[in-house]
Structure formats: structure tokens, C-alpha cells
Amino acid sequence: QPARAVDLVEEESGAPGEEQRRWEEARLGAASLKFGARDAASQEPKYQLVLEEEETIEFVRATQLQGNEEPSAPPTSTQAQQKESIQAVRRSLPVFPFREELLAAIANHQVLIIEGETGSGKTTQIPQYLFEEGYTNKGMKIACTQPRRVAAMSVAARVAREMGVKFLGNWGVESGVGYSIRFEDCTSERTVLRYMTDGMLLREFLSEPDLASYSVVMVDEAHERTLHTDILFGLIKDVARFRPELKVLVASATMDTARFSTFFDDAPVFRIPGRRFPVDIFYTKAPEADYLEACVVSVLQIHVTQPPGDILVFLTGQEEIEAACEMLQDRCRRLGSKIRELLVLPIYANLPSDMQARIFQPTPPGARKVVVATNIAETSLTIEGIIYVLDPGFCKQKSYNPRTGMESLTVTPCSKASANQRAGRAGRVAAGKCFRLYTAWAYQHELEETTVPEIQRTSLGNVVLLLKSLGIHDLMHFDFLDPPPYETLLLALEQLYALGALNHLGELTTSGRKMAELPVDPMLSKMILASEKYSCSEEILTVAAMLSVNNSIFYRPKDKVVHADNARVNFFLPGGDHLVLLNVYTQWAESGYSSQWCYENFVQFRSMRRARDVREQLEGLLERVEVGLSSCQGDYIRVRKAITAGYFYHTARLTRSGYRTVKQQQTVFIHPNSSLFEQQPRWLLYHELVLTTKEFMRQVLEIESSWLLEVAPHYYKAKELEDPHAKKMPKKIGKTREELG
Ligand code: CDP
Ligand code: MG
């Protein structure tokens, strides 16, 4: 096997300088490892360090990309920093010198765009300044939105600590700072500083359309351009017109703020000058086939060859991150005392909060920390002490095909803007380095300039239902920063019509109003509403909660694969995956919600605990949507019919050439993890489609075609369900199309 190493080549000729000196030192330090040797034949200053049994990755150094200050030594004593009072840290942030100026600008303008380098203190400081300035007098609230739940939680915890208030990571918070994310409301009447996801502020409009209890709304991380943030822009702009005393702040990393200013009638832009140290960018010489493997190797090489400083790695999701962490820990164990201690810490959206907190703890002296993160660490979270960034250049992105109505989540190359944000994370505390696991050519020619706003690549059912419930009928003329594709909007209206949420005039129905009350997708809400008719709301609530915790129910440790798979199969029930989920939950509840039970059955306790929370939340909302509690008493046909009533849009039938979706005639496959994988029933419905190597249906349920006529007679014709070669029936949706104009 060829040896693998990070091979850094310094492009510039002439004096080798600091870079070489460090590498030389690193080499000396690593000499005892007997890892490879210097490439003596090379004319260029070439540094190589080969780890046993590995292949080689070669990096090429690019010219210094950014930076306006002299490099300084990385902070040596994190303990000294710790001793510094928290107030001193606050005063040291780039935003602090601009406190008065900023407050004056806010006082003088209703809408202010705030642009500042990530980590300058926008999110944690500005709401506190407003609080200190009295914007929360008389119980008025300040909202600060975050696109990500993890960011909302961790920032709220940080701010609470800075303000010295008690912060309970639990229901019924007693303090002035709290957060609110879907299915987790950590606020009370007294919570005046509210960090929340952008989706939660959207839902606030339902109960308080003019946001009357808020004095300030700060739409943070605006550059992320999530669907919910984009919709908020339109709604807030409107509210601001008839509430002149409402202050609107739009905060963004240094990107494209002119767009926001134009949208908000030329609102002024307040720039917080950045403090960024130079970041040296390195590219690989050749493309890397397996970026996960390349990541692991590179991290170890940085660890062994580079001076102190923590490492931040960007991966695309939980599974990848867990795999990378496992591989890293594995290799560290094998290297044992030959290398210094390497703390491997993951961070992703579903990570439990106690684990999240660990990434912010200072690295012990002598050790090095490597944080393996999703996009969340790009701009939402700042981790102190990062000197090295490792960027494979990918992210997970949603895409949507309005023709087929298929949504998929795929790993795609990130944009240049993203890559530059990522690199910037290395230069916050000292001069840093960013290693890109792609070539300079790929950066130039293959990456898009910016990421396409989410509104243009997602389904809009949810948002359209919400806007309709807010009384916004003319969606074509809604004030969008970037409008969604016409077809996507049309399809959303059609689907809502099919679900009975809108009538033929495109108006919200009673059932639609109820669906909007539930903080879940329209199909899931429809399923919950239908459980009333089929008298099985107890079971349906469980199914809904389990579906919401997102495919992380079972775990499969590498050394116990057979046991884990057996345990999973033991939960199988005829009918399909939804019933399996129901079965797992029911047995867990019977065990007294025991963690031991989870352990024995290879079930993730944390996911179950979350499902229980979600279930309780949904149960609490049942009364509002006039659904009574009832149980099917083992008659699972009723449960399956209720699910079908929500998901009749997601159906597939077995044809001679495999599964085809009923309406769109798309070829799809049952996911190998499904309990129905081997049975191949004739008719089924699926919860979602995921595109990996193929279009896989995840969470599938066997149905009978006659149920489709029972639950959606307006959508299916008997004929098309009988004849496998039936022509697609033209849909008649009355005035919905006309209403779109
Ligand atoms: O929003 P912006 O990126 O401008 O900065 P911020 O998130 O307010 O971060 C300001 C400072 O707070 C940084 O030095 C972060 O490291 C620190 N912080 C933290 O220690 N823990 C958190 N959960 C969030 C921020
Ligand atoms: Mg921020």
C-alpha cells in the first residue's frame, strides 16, 4: 500500500521563511514517529510527513487570500483567558467600540442593515446593548432569529451567562433570556430577550400578526437566505410600515448586504470593521476521491506537523461527522502516546445540548481540539482558538423538482462564498491556515459564486399555508427578495387543495386553518386531523412524533451489527415502517421510558426522548384542532388509513419494471433499511424520498388502492387505480390556477 501524507508545497520561490521554519520544527518534533522522510530530490522547499500505511495527499499553497493585520502568535494560555472576566471578553469584541454609534443609528432609523465579520459579536452583543438601552422596558420583547436550532440554543445559553442570569435549559424558564425552537419552547412571559429560529418567528405572526409585543426584531444570519428568513423579510417589511416604533435589524456576515438595503427601501448599512488575521490557503494538487478519508488523514497530519491551534473540519451531516470522528479516534488510539492528545468533538443539529457545550470548552494545555462540524460553524457559531480549517468543499443541499414534486437532499459542492467564509474561520484569533481538499482549478471553475436561496429550491406547501392563514392571498405579488419559481408556488397550491386545506377559490378552509395550527408539514398535519375520523389519535401522535425525529431511532455499532439488525427486525410488524416506529415507541413506553431498554434493543435513547417531547407538544395542540384522544385498540388498518389520508400524494405501485409513483410515474425504490424491502407490496406510500445512489423511499407503508378512493376521492379516479397503464388524468383544480393570475 502506498504511504499517504499531507504533502505541502510552497509555491513561492526564495526565502522559505516562517512556513518552512515551522515545518522543520514539526518535522523534528515528529522525527521520533519515523514517519517518512524529506523529499531531498525536490528543488522546491517541500515538506512531507508520512503516516504509516497511508497514501499521500498533496497540498499546494495559494497566495495569501485575505488579511489586513500582522500575524501574531496563537494564544498560548486558554486558562489565562478563562480568568479574564466575562465582561472583559465582551469589551474585546469588534462590535464593542461601536456600541454608542450603533445604538444611535438604531435610534435614528427604523430599519438598519448590520454587516460584520463572523465572530464580531453581532448575535450575542447587539440584543444585550438593546436590553441595556431600555428597549425591553414595559415588558417589550426583543427577537433575534437564527436559521439553525443549535445556534439559537447555544447563543441563548452564552448570553444568559454573560448577563449573569439563571438559564434553565428546560421548560418554564424564569430568566430574561431564552430560546424557542420547534417543539422546544424555553421562554416564559418574563423572557424579554428571545433567540429563536426564523421558523418560530414566522409562527409568531399567527398569534400576533403585528408582533405588537416586540420592540425590536433582529433577523440574524440574513446572508443564509433560508426559506423562513426570506419570508420574514416580506412580512416584517409590511409590519414595519404600520408600526413606526418597531425597530428592524438585519444582520449578516460580510456578503451582499446591498441587496438587503435595497429591499428595505434603501435602509442604511452599518459596517462593523472586521478583525481578521491572514489565512493561508492550500489546495490539493489533485482531486481527492474519498474526501472523508482525506479529511481524517489531513487532520492527523496537521496535528503532527503544525504548531498549536485547534482544527475545524467542515462535513455535510451527522452520519458523515460521526464516521469521521470514529475514524479519527480509532487512529489516535492506534498511534497512542506517539502523538499529543487530540480531542475529537462533533457538532451538528441533532447533537444533544450537553455535547454541544463541549465544543466551547477551552482546549487543555498540550492537547489539540478538532471540531468536526456541519455548515453550522460557517457563520452561526464561533469557536475560539481555531487556527486550521479543513474544507472538503461540500455541503448538503435541498433541491426540489416542481414538475415531479420531489424534494431531495444531496451532497453538493459548496459555493465560493461558503468556501471563503469557512477559510475565514481560521483567522479569527491569529494567522491561520485553510486546507481545501480540492484543487485551485476546481475552486475557480467548479464552484458557484453564491448559494441559490432556499426559496428557489424547496417545496412551499408549509409556507403557502402559513401565508394563507395570515390572510395573504395574492402570493404572486408577495414582496419576495427573490421570488420562488412559479411552478413551485402553483404545485404548493395544488397540493394544499388536494389536502383540503384550500377550497377551489384558493381560500383557506376550516381544515386548512387547523392544519396551520400544527407546527408540522401539511401532510403530517392532515394525517393528525384524519386520526379523528379513524379514532386512532393516540397511535397517530406517536407515528408523527417518531417521524419527526428523523431516521435516528436505531443504532448499529460496528462490532455488533448482527445483534443490532436482529433487534431491529424484532420490531417489524406487518404493514410497514410506520407501524414499526409505533411498535418501538409503544414498547419503550411500556418499559417506563427506560434507557436500559433502549440500550438492550439498539435504540437511540436520545431520539426516543425527543420523540416523547414532540409527542407531548403535539398532544397539547390536539384540543385546538378539535381532535379527541382515542386509540385504535390494535386495529392497525385504521392507523394506516389515517396515514394514507395525509400521504396519498406520496404513493407508489409495483409495476413490471419496479416501483413507480402513482401520479408522476417516477421510478423509485424501497430503502434497504425498510421493513418492506423484501416484501415488495403492490401499493405503498412513503414518508419521504431521498436521493443517494437512487431515488429511495424512506419509511414506507403498505396500503390498498381502495383506501386512496376512500381518503382522497377528489384526487384519485377509480380507473387510474385499477388499470396499471391508465393515462394520467388531468387534474381539475377549479380556480386555483386562475387565482394565480
Ligand atoms: O454574531 P457574530 O458572528 O458577529 O458573533 P457572536 O456569535 O456574537 O460571537 C461573539 C463571541 O461570543 C465570539 O467570540 C464567540 O466565540 C463567543 N461565543 C461563545 O463563546 N459561545 C457561544 N455559544 C456563542 C458565542
Ligand atoms: Mg452571529
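**Exercise 1.** In this predicted model, which residues of helix 16 and helix 17 make up the contact, and how do these two helices cross?

*Solution.* Step 1: list the contact residues. Helix 16 contributes G461, V464, L465 and K468, and these meet L489, A492, L493 and L496 of helix 17.

Step 1: sort them by class. Six residues of this contact are nonpolar, one is polar and one is charged.

Step 2: take the geometry. Two packed helices are described by the angle between their axes and the distance between the axes. Helix 16 spans residues 461–469 and helix 17 spans residues 486–498; their axes are 9 Å apart, at an angle of about 75 degrees.

Step 3: assign the orientation. Angles of 65 to 115 degrees count as roughly perpendicular, and helix 16 and helix 17 are therefore roughly perpendicular to each other.

**Exercise 2.** Describe the packing of helix 4 against helix 5.

*Solution.* Step 1: take the geometry. The axes of helix 4 (residues 99–108) and helix 5 (residues 122–132) cross at roughly 70 degrees and come within 11 Å.

Step 1: assign the orientation. With the range of 65 to 115 degrees used again, helix 4 and helix 5 are therefore roughly perpendicular to each other.

Step 2: list the contact residues. R99, L102, L103 and I106 come from helix 4, while I126, Y129, L130 and E132 come from helix 5.

Step 3: sort them by class. This contact has six nonpolar residues, no polar ones and two charged ones.

**Exercise 3.** Characterise the surroundings of ligand 1.

*Solution.* Step 1: count the shell. Ligand 1 is surrounded by 15 residues, and the closest are G119, T123, T124, E384 and R428.

Step 1: sort the shell by class. Two of its residues are nonpolar, eight are polar and five are charged.

Step 2: find the polar contacts, for which the cut-off is a pair of N or O atoms within 3.5 Å. The side chain of K122 places an N or O atom 2.8 Å from an oxygen atom of ligand 1. A polar backbone atom of T382 is 3.1 Å from an oxygen atom of the ligand. For R428, a polar side-chain atom lies 2.8 Å from an oxygen atom of ligand 1.

Step 3: assign the shell to elements. Helix 5 and helix 6 (149–163) are the elements that give two or more residues; helix 5 gives the most, with three residues.

Methods: Residues numbered from 1 in each chain as written. Chains lettered and ligands numbered in written order. Predicted model: local features only at pLDDT ≥ 70, side-chain atom pairs only at ≥ 80, totals over all residues. Heavy atoms only, no water. Axes fitted to C-alpha atoms, helices over the stretch in contact; angles between N-to-C directions. Helix = DSSP H or I, 4+ residues; strand = E, 2+ residues; numbered from the N terminus. Parallel < 35°, antiparallel > 145°, perpendicular 65-115°, else oblique. Contact = heavy atoms within 4.5 Å. Nonpolar A, V, L, I, M, F, W, Y, C, P; charged D, E, K, R; others polar. Near = heavy atom within 4 Å. Polar contact = N/O pair within 3.5 Å; in protein donor to acceptor, adjacent residues only side chain to side chain.
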